[in-house]
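Dear colleague,

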Amino acid sequence: MKKQLLTESSAGHRFAGAGLVPEKSAMPSEAIFQNTPPPSVFIVDDIPINIQILSTILSEEKYDIAVATNGEQALKMIRDVNPDIVLLDIVMPGIDGFGVCKELKSCQETLGIPIIFLTARTDTEDIINGFHLGAVDFVTKPFNTSELKARVRTHIELKRSRDIIMQMNKRLQSEIEEKERMAKERERLVRELEKIAITDSMTALYNHRHSIELLKTEIAEARRYSQPLSLLMLDIDHFKSVNDIYGHPYGDTVLVKVSATIKKLLRDSDHAGRYGGEEFLVVLPHADAREAHITAERIRRNVEALKWDATDLRVTISAGVAMFDNDTPSSLIKKADHLLYRAKNNGRNQIQG
Ligand SMILES: [Mg+2]
């Protein structure tokens, strides 16, 4: 245990040594100060001897110490130094301690710096006013060395703990955001994969398997709610000769363009799929025979009117239109297919059913 020190400074400030307050709290503070730069203390007082006394006391704690002798200078420097704590005299010419405190607490960058007021007075009103302005503590002159050290240390520890918690919060926040971003990206990929799984890659219509699935679903709906449902089977006429004469790549272009034409002429609730090579299946929920005919005829006319780079090319389609009548998916497809066959035999470029 250190010897008790009782010193009377020339300015009349008495500061007492160890014994009144436990010297240094061991664990948490050491942990907090480990691997970090030494805490910095900023002292503001218009009387140089006060600064000298405080500096002498606090330098034993291995703090970095910066000082200012008036409010204006303090405000300028504190923004640059960003100290861990400010020891602030109240009575100063120019901007007094309350003014400095108010200014620091109103600024985002300096708001978190703890402020301890230094006051010769024990005026309760001053103390209350200081706390209202955001000060964390008061130290009265003359200084009690141990008490001063303990208070400064405690508030630095609190501030550093707060800083650590804020950093952790920030890190957690960004980890959460990153996880959310990844989850969204995963969802997007899953949706993409689901889309790929049901789409015909060349025509971007539904593929064969999904067309049948949709037909099953719509048949179940039509049955449950006694709603009409129609099915179109469409086939590009003489498609083999398109491939033979213009080549397969051009045949693919024809498929893409005809598919887009079909899709364009349907309602959002209709489903168009590529059933086979140049054969398409279109499910028309809620459509009776007349409406299905109108749709099929519109598709036929639009395909016939398509313009091609190969100027002598003329592309037409034939279609069979079947109405749901308590059918199974396969029996309805068979009906539509049969009507398509009839359209082909009847000279093509026409609708049957
Ligand atoms: Mg003063």
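**The sheet and what surrounds it**

Strand 9 and strand 10 run antiparallel and are joined by 4 bridges, and within this pair G273 stands opposite L281 of strand 10. Please keep in mind as you read that this is a predicted model. In general, the strands of a sheet pair through backbone hydrogen bonds, and they may do so in a parallel or an antiparallel way. Here the open sheet consists of 5 strands in the order 9-10-8-11-12, with mixed pairing, and its edge strands, each pairing on one side only, are strand 9 and strand 12 (351-352). Helix 7 packs on this sheet, where it touches strand 8, strand 9 and strand 10, and its direction makes about 25° with that of strand 10.

Nonpolar side chains in soluble globular proteins tend to be buried together. The largest nonpolar core in this model has 41 residues, and those with the most contacts inside it are L231, L232, L234, V282, A319, V321 and A336. At least two residues of this core come from each of helix 7 (208-225), strand 8, helix 9, strand 10, helix 10, strand 11 and helix 11 (329-345). If you select A336, you will find that it touches L231, L232, M233, G320, V321 and A322, leaving aside residues up to four places away in sequence. There is also a second, separate core of 30 residues, which includes I53, A68, A74 and L118.

Helix 9 (residues 248-264) has 17 residues and reaches 24 Å from its first C-alpha to its last, close to the 24 Å expected. Which of its residues are buried? In helix 9 they are G251, V254, L255, V258, S259 and I262. Seen down the axis of helix 9, these buried residues fall within an arc of 130°, so they line one face of the helix, while P249 and K264, on the other side, are exposed. Among the elements that cover the buried residues of helix 9 are strand 8 (229-236), helix 8 (239-246) and helix 10 (289-304).

With best wishes

Conventions:
Residues numbered from 1 in each chain as written. Predicted model: local features only at pLDDT ≥ 70, side-chain atom pairs only at ≥ 80, totals over all residues. Expected span 1.5 Å × (residues − 1). Buried ≥ 20, exposed ≤ 12 C-beta atoms within 10 Å, placed from the backbone. Arc of directions from axis to C-beta. Contact = placed C-beta atoms within 7 Å. Core = buried A, V, L, I, M, F, W, Y, C linked by C-beta atoms within 7 Å. Pairing = 2+ DSSP bridges. Axes fitted to C-alpha atoms, helices over the stretch in contact; angles between N-to-C directions.
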